[in-house]
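Below are some notes for a colleague who is opening this structure for the first time. Please read them with the model in view.

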Amino acid sequence: MDVSMTVNGRPASGKVEGRTLLVHFLRDDLHLTGTHVGCDTSQCGACVVHMDGRPVKACSVLAVEAEGAEILTIEGMANPDGSLSVIQQAFQDHHGLQCGFCTPGMVMSAAALLKDDPHPDERTIRDYLDGNICRCTGYHNIVKAILAASENASIAAQ
Amino acid sequence: MHDFDFVRPQTVSDAVRALATPDAQALSGGQTLLPAMKVRLAAPAVLVSLMHIPDMVFVRADGDVLRVGGATTHAQVAREAAGAYPALASLAARIGDPAVRSRGTIGGSLANNDPSACYPAGVLASNATIVTDRREIGADDFFQGMFTTALEEGEIVVEVRFPIPDAARYEKFIQPASRFPLTAAFVARHSGGARVAITGASESGVFRWHEAEVALTSDFAVQALDGLAVDADGMIADLHGSSAYRAHLAGVMTRRAVAAIV
Ligand SMILES: Cc1cc2nc3c(=O)[nH]c(=O)nc-3n(C[C@H](O)[C@H](O)[C@H](O)COP(=O)(O)OP(=O)(O)OC[C@H]3O[C@@H](n4cnc5c(N)ncnc54)[C@H](O)[C@@H]3O)c2cc1C
Ligand code: FES
Ligand code: FES
């Protein structure tokens, strides 16, 4: 089956099987390997990308379901000049990553949260990250990073 | 996962036609079906996506009834039902996690009738009507036991109509690993009486706690439930909790819901 969508602002298309998952299309066909597969069973959130502006687990969406959709992955998060986005920079500044495996999903979830609610409190952040598991258990600094990003004035404008 | 054909009809009638082909199955958010297909518990030959049928995606208050399209996501219900039916919006806002809510739908949840799912409790306590492509089914007739509903082969949940209660509350005791309820209660105070639905507890799936309904209908207060308890017989027992624990939780969640309403 043919599939085409917009990925990080650029048109992307390819041939897939019905059963091809969005995450495999992104990683294997488009070589965007920043989106990770931690579990493949909808539990861990390492594969979170935005589909038409909403966070989804790319391991639980078929590539053909993304036909015509706007997809944003971790590769599309940096600023146009290549510098880190506010959220990414906050993760670096606050040691919000250890091995980094969960980080793409954490950053994409954080970005989805701050888009809806630019100034969440700690409880809201923890609730929102319910579906993102960090095997290194670095939650405390992940929450700190997101809180710090939310205090950056430019985040509300994004 | 076995391979399959994929179609995305834009009308209910086209979807019904596509579902009439051998081994065809409806796909909505895929948050239940795709994991089942990965482990080959399901292997449809054709998947019929219901997510692109505009007539199945809406949240609309119509007098004292809230109408929700069958393919409406939990996230959309959480946002758009908050004004008309806040308790239902709050239920939707607590299903799974944000990514699950972006995809999962009310129709998929009801058709699946997981014994621990949230929506069945809201639908049963609200006395909602499930509108399919061919008929209307009252909530009391729709749920027929764990993973079993009144739906026929190829029948689609097109819409759910919720009579909006005077007050309602969903109390969910979360099972933190799955994020489903371990046990949850939806209490609705209707002008005609109270309805109490319990999910996550019974081996027969969602059920009404009739004794509590009678007590609350004559006196809508926490004390009205004094001495009442859900029978542990027939409750689910697994590594997360014994049947006695779940029966106890059903009582606690119901009391919390009533306390939050009054
Ligand atoms: C990590 C995780 C956490 C979750 N937590 C919760 C929770 O806390 N509470 C809760 O209630 N649920 C929870 N769920 C389940 C979630 O709500 C699912 O979205 C829901 O059960 C199924 O909806 P779906 O749209 O994804 O259906 P699908 O997976 O697409 O389909 C499920 C079944 O319903 C059929 N079907 C789909 N749509 C229709 C329709 N309109 N008419 C007739 N048949 C249809 C399909 O053929 C299939 O058999 C969770 C899921 C995950 C992955
Ligand atoms: S890989 Fe998708 S949720 Fe874990
Ligand atoms: S940093 Fe290692 S899994 Fe989160």
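1. An oxygen atom of ligand 1 lies 2.6 Å from a polar backbone atom of Ala26(B). On its own, ligand 1 has 970 Å² of accessible area, of which the protein covers 94% (Shrake-Rupley method, 1.4 Å probe).

2. The model is predicted: local features need pLDDT of at least 70 and side-chain atom pairs count only at pLDDT 80 or more, while totals for chains, interfaces and linings use all residues. Residues are numbered from 1 along each chain as its sequence is written, chains are lettered from A and ligands numbered from 1 in the order in which they are written, and side-chain values use heavy atoms, without hydrogens and water.

3. How many residues surround ligand 1? There are 32, and the closest are Ala26(B), Ser28(B), Leu33(B), Thr105(B) and Cys118(B); a residue is near if one of its heavy atoms lies within 4 Å. The site is shared between chains, because residues from chains A and B surround the ligand. Helix H6(B) gives the largest share of this shell, four residues (helices are DSSP runs of H or I, at least four residues, and strands are runs of E, at least two). By class the shell has 13 nonpolar, 15 polar and four charged residues, where Asp, Glu, Lys and Arg count as charged, Ala, Val, Leu, Ile, Met, Phe, Trp, Tyr, Cys and Pro as nonpolar, and the others as polar.

4. The contact between the chains takes 26 residues from chain B and 24 residues from chain A (heavy atoms within 4.5 Å). Together they bury about 2100 Å², 55% of it on carbon and sulfur atoms; this is the accessible area (1.4 Å probe) lost on being put together, summed over both parts. Lys38(B), Arg103(B) and Arg179(B) supply 24% of the area that chain B buries against chain A, more than any other three residues.

5. Three salt bridges cross the interface of chain B and chain A, each a side-chain nitrogen of Lys or Arg within 4 Å of a carboxyl oxygen of Asp or Glu. Lys38(B) forms a salt bridge with Asp40(A), with the closest N and O atoms 3.0 Å apart. Polar contacts link 10 residue pairs between chain B and chain A, both residues at pLDDT 80 or more.

6. Over all chains the count is 22 salt bridges. Glu122(A) and Arg126(A) form a salt bridge, with the closest N and O atoms 2.8 Å apart. Both residues lie in helix H4 (residues 122–128) of chain A, four residues apart, about one turn of the helix.

Methods. A polar contact is a pair of N or O atoms within 3.5 Å; within protein, one must be able to donate a hydrogen and the other to accept it, and residues adjacent in sequence count only if both atoms are side-chain atoms. Buried area is the accessible area (1.4 Å probe) that two parts lose on being put together, summed over both.
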